[in-house]
Amino acid sequence: MRTLPSLSPSSEPPRRQFIGYSPFLALMDVSEEDPRVCSSRQACSKSDAVGPSPLTSKLSEFRDSCWRFLRPHTIRGTTLGSIALVSKALIENPNLINWRLTFKALYGLVALICGNGYIVGINQIYDIGIDKVNKPYLPIAAGDLSVQSAWILVISFAAAGLMIVAWNFGPFITCLYCLGLFLGTIYSVPPFRLKRYPVPAFLIIAMVRGFLLNFGVYYATRAALGLTFKWSSPVTFITIFVTVFALVIAITKDLPDVEGDRKFQISTLATKLGVRNITFLGSGLLLVNYLGAIAAAIYMPQVFRRNVMVPTHALLALGLIFQTWILEKAKYTKEAISQFYRFIWNLFYAEYIIFPFV
């Protein structure tokens, strides 16, 4: 399965469950018969028999399934992007900072997470067969979450997100939010299911993860500060940079899923051109992105902090080259591909982390 702005490291490992393990015993390095722990083997057996109640255990399992259903790595990207753009707008207008706006920002973040949950959730509902091959650890594919429960969750996410946005951010942002939900729907849901076609799939991912998130959050923040919308050079930079990055994620997210995509006749660039070629294509696009960031800092010192932009993007570019070399040396095994894709997401997070300081 491939998810949207979604977009998920298919390498995400299944969670391990440890039953009957005591961290205290591990730290103390004692056996179960040590008198400091229990007075007899009988007492230990009795203690081991006491566990969480069935209700508590079921609630814990359901919570874990819901968390995996949300695809945490996509939430991290959404959260970091929102915080970075809000921070930048506030840094540009420090005299207008009103701490009551914190609550509005939190409402907006919750709405974005709800939208994110709807998009990745609807994708999982329609990708169960593919996920059993590519991502068997996902909750629906693993049988940990029923399809009915998944539908309840995605409908709840969409409804909650729309209500929050409509009540707090006005008609324009509400329209942008609805556009994001619509694009996420036609990406996964028949008869459209545009994820089957490489170019529309890439454009949807780039639009949602790249343009809509950055423009929408920045616009909403300026509106909350009582300002009309105006592009700033740093925000223009991050929007272009992340849109290109989202395109790279859209390309490379297919790398670990080639087996399932071929089985279910999903046409992707990875199945057509091969894993190695797509790896070099994605890495090449990101290197152009980093070179563009360095050039912007050199030629626009009045806008960007050169001492931040140049070294950080040079280091990130070197890290990308190194990881691509490691993947080549590993002969593109599934494990190495998954590690490479996780690294791409880490680069994505890093860009938002440094953005407020550029």
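Which residues of H8 are buried? Hold that for a moment. This is a predicted model: local features need pLDDT of at least 70, side-chain atom pairs count only at pLDDT 80 or more, and totals for chains, interfaces and linings use all residues. Numbering runs from 1 along each chain as its sequence is written, and side-chain values use heavy atoms, without hydrogens or water.

Now the answer. Buried means under 20% relative accessible area, exposed over 50%, partly exposed in between, with a 1.4 Å probe and protein chains only. The buried residues of H8 are Ile 173, Thr 174, Leu 176, Tyr 177, Gly 180, Leu 181, Leu 183, Gly 184, Ile 186, Tyr 187 and Ser 188. Their cover includes helix H5 (101–125), H7 and helix H9 (198–224). Helices are DSSP runs of H or I, at least four residues, numbered from the N terminus.

Thr 185 also sits in H8, residues 170–188. Its relative accessible area is 23%, so Thr 185 is partly exposed.

Next, H7. Trp 151 is in this helix, residues 147–168. Trp 151 has 32% relative accessibility and therefore counts as partly exposed.

Last, H14, residues 306–329, which holds Thr 324. Thr 324 has a relative accessible area of 8%, so this residue is buried. Leaving out residues up to four places away in sequence, Thr 324 touches Thr 279, Phe 280, Ser 283 and Phe 340. Contact here means heavy atoms within 4.5 Å. The Thr 324 side chain also reaches the backbone oxygen of Leu 320, at 2.8 Å.

Conventions
Helix = DSSP H or I, 4+ residues; strand = E, 2+ residues; numbered from the N terminus. Polar contact = N/O pair within 3.5 Å; in protein donor to acceptor, adjacent residues only side chain to side chain.
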